[in-house]
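The stops below are given in the order in which to select them.

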Amino acid sequence: MSVRVRFAPSPTGYLHVGGARTALFNWLFARHHGGSFILRIEDTDRTRYVPDSLEDIMEGLKWLGLEWDEGPGVGGPYGPYFQSQRLELYQKYAHILVERGWAYKCFCSPERLERLREEQRRKKQPPSYDRYCRFLPDEEKKALEAEGRNYVIRLKVPLEGKTSFHDLIHGEITVNNVNIEDLILLKSDGYPTYHLANVVDDHFMKITHVMRADEWIPSTPKHILLYKGFGWEPPQFAHLPVILSPTGKGKMSKRKTVGPDGRIYPVLVREFKEAGYLPEAMFNFLALVGWSYDDRTEIMTKEQLVERFSLERVKSSPASFSYDKLEWMNGYYIRQLNPDDLANRLVPFLQRAGLQADFSKIRPIVPLIQERIKTLSDAVALVDFFFQEAISYEPEALVGDNMTPRESLEALRRAYERLVALPSFEEKAIEESLRALAADMGLKAGQLFGIIRTAVTGKKVAPPLFGSMAILGKDRTLARMEKALKLLEKLAA
RNA sequence: GGCGCAUUCGUCUAAGGGUUAGGACACGGGCCUUUCAAGCCCGUAGUAGGGGUUCGAGUCCCCUAUGCGCCA
């Protein structure tokens, strides 16, 4: 039997890294086994619906390269893939369960349930339904139904015994049935709860492996009971470790975007994209959250990950999300890009920052910055001076290390004269000329170049100087130096 | 509160009962160097605590602690 797995998000929020990792593991598992990856939308909670979220989820998956074989947009033989379009199915099967004696109608009013909860709270008991309607005589039930009273359908959980299942990651998990309450399967408005819809869909969509986050472990025994009630073979379960925020406190998905240090920490896939992370780096990084290949291999292509992925090597303990490591890996992936590719990816980031950038202008700059950026957005602060007509900086920054303003002025003036006289404004020629000048003047290279760097780029930290000057061109370089000379004259006066 | 899951360097992880407990990120130092990076070399640092089982425990069992999650 071929492997069929699904990612089943609710359109109640944008795609976050936790969801993305779950989707990724499902996708890897499917591809590894030559099976199918299905996208199913669990949109039965109308109150929490977030309008853009469906699009965001699909875009996020596509950005990461997790294309689905069945689901929205592509269809498939087991649709529809929106739960809101399958309501009759859930209703039908809820009632089948009632007929089979595995579930019952519950007519308890919200008021009675509230009183019950109140009382349990007072007695410090765990709140749970007291199964009042489960033991209601048939005639009474019929009467209530004839009256037209609203009802929900609840699962008739065995009053004793244990329910257990084998988890592919955690091993045997067992709970006592007394700890499971008679959960609602079908609400009074005819909408299913998560549990019912999930089990019915997984069955009819022929899902073979359910891979989802750890937090669903406590629900799984309920699902097992449902499968039993229906007489269906349950799928295999694999509960993935949760992703914790970098502090290790709390789930990553609940983390706030702005950290205590004021920095922006993305949590949504779209935020990572906007921050300039590469999808291939995210893919590689996310694969390593809770899974590893061996004791040393970390950089892996998509193909290698598909080839190597296995559930046996998924950890059972939670992992906290390391922005440091992601940044490093993203930088690594950026360095591996071919320069044309990188230039293309940089364009939108520079344009969004207000720079008049296009491929032809950026391409020559790429070799100067490729190994200096960790995210695509890092490039902005490094290259803005290429695109601005006027650059600004503190005049004091023009003074060389261990030099006076007067000495700095002299050095810059002589540098200017040499550059004016240069027949070719090539990187190599510029460097040779200025190195010779430093030697002539008895200056350290860093002293002279530091002055020029500020004059030309307006920065203390910038891409390699001579290459930058060559790209900037003779006219613009000299104009900036003239401006700097004036500033230095004032300082030296 | 009840139930569940988890615990190896700061972080991510490796170690089919027997290794000087390995690698990566981060951090520190050095080399290279026009700044910053990148690259290379070196280093700091870990089996939560306590009991067992065993010739031998990071690895198996129990307890405690702590963290996380689920149910309201």
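Which helix supplies the largest share of the lining of the largest pocket? Select α1: 4 residues of the lining come from this helix, the largest share. Helices (H or I, at least four residues) and strands (E, at least two) are DSSP runs, numbered from the N terminus.

Before going on, note that this is a predicted model, in which local features need pLDDT of at least 70, side-chain atom pairs count only at pLDDT 80 or more, and totals for chains, interfaces and linings use all residues. Residues are numbered from 1 along each chain as its sequence is written, chains are lettered from A and ligands numbered from 1 in the order in which they are written, and side-chain values use heavy atoms, with hydrogens and water left out.

**The pocket**

Stay with the largest pocket, which has a volume of about 980 Å³. Next, select A8, P9, S10, E215 and W216, the closest to its centre of the 36 residues that line it. At least two lining residues each come from β1, α1, α6 (194–204) and β8 (209–213). A pocket here is an open set of points on a 1 Å grid over the protein atoms alone where a 1.4 Å probe fits, with protein on both sides within 12 Å along at least five of seven lines; lining residues have an atom within 4 Å of a point. The volume is the space filled by probe spheres set on the points, which are joined across faces, edges and corners.

**Helix α2**

Select residues 53–64, helix α2. Of its 12 residues, 9 are buried (under 20% relative accessible area, 1.4 Å probe, protein chains only). Among them are L54, I57, L61 and W63. The buried residues pack against several elements, including β1 (4–7), α1 (17–32) and α9 (279–287), where contact means heavy atoms within 4.5 Å.

**Aromatic pairs**

Now show the rings of Phe, Tyr and Trp (its six-membered ring), which pair if their centres lie within 6.5 Å; planes under 30 degrees apart count as stacked, over 60 as edge-to-face and the rest as tilted. The count comes to 21 aromatic pairs. Select W27 and F283, an edge-to-face pair at 5.7 Å centre to centre and 90° between the planes. W27 lies in α1 and F283 in α9, so this pair ties together parts 256 residues apart in sequence. Both W27 and F283 are buried.

Finish at F272 and Y323, which are stacked at 6.4 Å centre to centre with 15° between the planes. Ring pairs link both into a cluster with Y265, Y277, F285 and F321.

Key
The expected span of a helix is 1.5 Å times one less than its number of residues. Buried means under 20% relative accessible area, exposed over 50%, partly exposed in between (1.4 Å probe, protein chains only).
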